[in-house]
Amino acid sequence: MLAAAAAHAALDLPAVGDQTKTAVIYLDHNATSPLLPEARVAWLDAAEKFPGNPSSPHRLGARAEQALDDARARLAAVLDCAAHDIVWTSGATESCNAALHHAATAAVARDAADSTAPVWLSAIEHPAVLAAARHFFRERVQLIPVTRHGVVDLDWLATQLAAGRLRPALVAVMAANNETGVLQPWREAQALCAARGVAFFCDATQWCGRLPAHGLGAADFIAGSAHKFGGPRGVGFLKCPPGAAPRPLLHGGKQQEGRRAGTENLPGILATVAALEWCERQIIAGESARRHAVRDRFERELCAALPSVAINGLGPDAGVERLWNTVNVVMPESDCRVRWVVKLDKAGFAVSTGSACASGSEEPSHVLTAMGLAPSEAARVLRFSAGWLTPETAWDELCGALGRIHGELV
Ligand code: PLP
């Protein structure tokens, strides 16, 4: 485990300008988490063992189909739902789009009056949800506010549901935020929606593989993406309501009972399930509590070394829970976030300014804006996100590097 951890945490990259190797401490797991050894083994094994197409009529096809069914049952056991409710996709972006597409088109088909139904989304959803909702629902998107610590406002949701003016076609509250790591009250939101018969969608992309997935199956729709928990890129899933026939986003084949056209990525799917089951075993073994303590110690040491930093979601009055792997910090005023990332990269640390999708743009993050951060604060935010195999020393080394770089900047 230790050798694997070292290899996994310190990725060998060719140094710029010459061909020697340099080790990089990788702290950008919320963007993508390197393939776990267990997932790699499962992928290679499946690629050899199952050469057939699951839709083919011969024995190799039937064998592949059986493996696909087994994988669905294993994922369902983790999520706590029926195997039939799972649709394999290419990742969470597709899953989110499929859920919103279904909600928009099913409402229209059910009742012409429902074609005016809005969709309610937390203001901090990933762009895969926000942009898809704007595409399918146009001006009928309503944002659920969040507190200044980045937690969705349940009172708003309860009050609006009780007012019962225009029932939403769907309510979406993510499980854990990708930028801040702040956990959302998805169980409570789900219960509020269920009591009113309103469909509930939970984007659990950053939750799955880090915290127990059990119980997520109660949501009508769940989105997940393999590469966030050490599975391969390009594989995801959408959990749908029991017995529902989700309206397909992709057309052109009868795969997955007509719910998603296209040949299933069987090696990728088996590697995904192997990765998720491995992560769940870490959680059951109590490893997340240990990671939590390491992350908290880093935050204390960072605040002691650089007293002017502010950690989003942390504070005496915050009382919010965050993913054990994520730290989202407003850095001191000495430099902007992009320069910090460049300096840290040169020092051997791969970190991020926030979400991978937002980091190319100069717009302040919509998540931080919804939490009430000023653009000047959002412009100084860095996100550090670890994985299961990140060694404790990585956090210590990062703390030292941040202090050194700050010293050079002032
Ligand atoms: N939802 C959340 C919360 C995410 O963090 C991401 C990716 O960062 C996505 C959806 C989209 O995932 P993918 O890029 O795997 O499609």
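Q: What counts as a polar contact in this one?
A: A pair of N or O atoms within 3.5 Å; within protein, one must be able to donate a hydrogen and the other to accept it, and residues adjacent in sequence count only if both atoms are side-chain atoms.

Q: OK. And what sort of model is it?
A: A predicted model, where local features need pLDDT of at least 70 and side-chain atom pairs count only at pLDDT 80 or more, while totals for chains, interfaces and linings use all residues. Residues are numbered from 1 along each chain as its sequence is written, and side-chain values use heavy atoms, without hydrogens and water.

Q: Start with N30. Which side chain does it contact?
A: The side chain of N325, through a polar contact of 2.9 Å. A polar atom of the N30 side chain also lies 3.1 Å from the backbone oxygen of N178.

Q: Where is N30, and is it buried or exposed?
A: N30 is in the loop between β2 (21-26) and α2; helices (H or I, at least four residues) and strands (E, at least two) are DSSP runs, numbered from the N terminus. Buried means under 20% relative accessible area, exposed over 50%, partly exposed in between (1.4 Å probe, protein chains only).

Q: N178 came up. What else is around the ligand?
A: Besides N178, the residues around the ligand are G91, A92, T93, H126, M174, D203, T205, Q206, S225, H227 and K228. Each has a heavy atom within 4 Å of the molecule.

Q: Which side chains have N or O atoms that reach ligand oxygen?
A: T93 is one of them, with a side-chain N or O atom 2.6 Å from an oxygen atom of the ligand. In the side chain of H227, an N or O atom is 2.7 Å from a ligand oxygen. For a nitrogen atom of the ligand, a polar side-chain atom of T205 lies 3.5 Å away.

Q: Switching to the sheet. What's the strand order?
A: β10-β11-β13, an open sheet of three strands with antiparallel pairing. Two strands pair if DSSP finds at least two bridges between them. The edge strands, β10 (310-311) and β13 (381-385), each pair on one side only.

Q: How many bridges are there per pair?
A: Two for β10 and β11 (residues 326-330), and five for β11 and β13. I311 is bridged to V329 of β11, and V330 to V381 of β13.

Q: Last topic, the largest nonpolar core. Which residues touch the most other members?
A: L79, W88, V171, F200, W207 and L216, out of 70 residues. A core is a set of buried Ala, Val, Leu, Ile, Met, Phe, Trp, Tyr and Cys residues joined through side-chain atoms within 4.5 Å.

Q: Which element gives the most to it?
A: α9, with 11 residues. Among the others that supply at least two residues each are α3 (59-79), β3 (86-89) and β7 (200-203).
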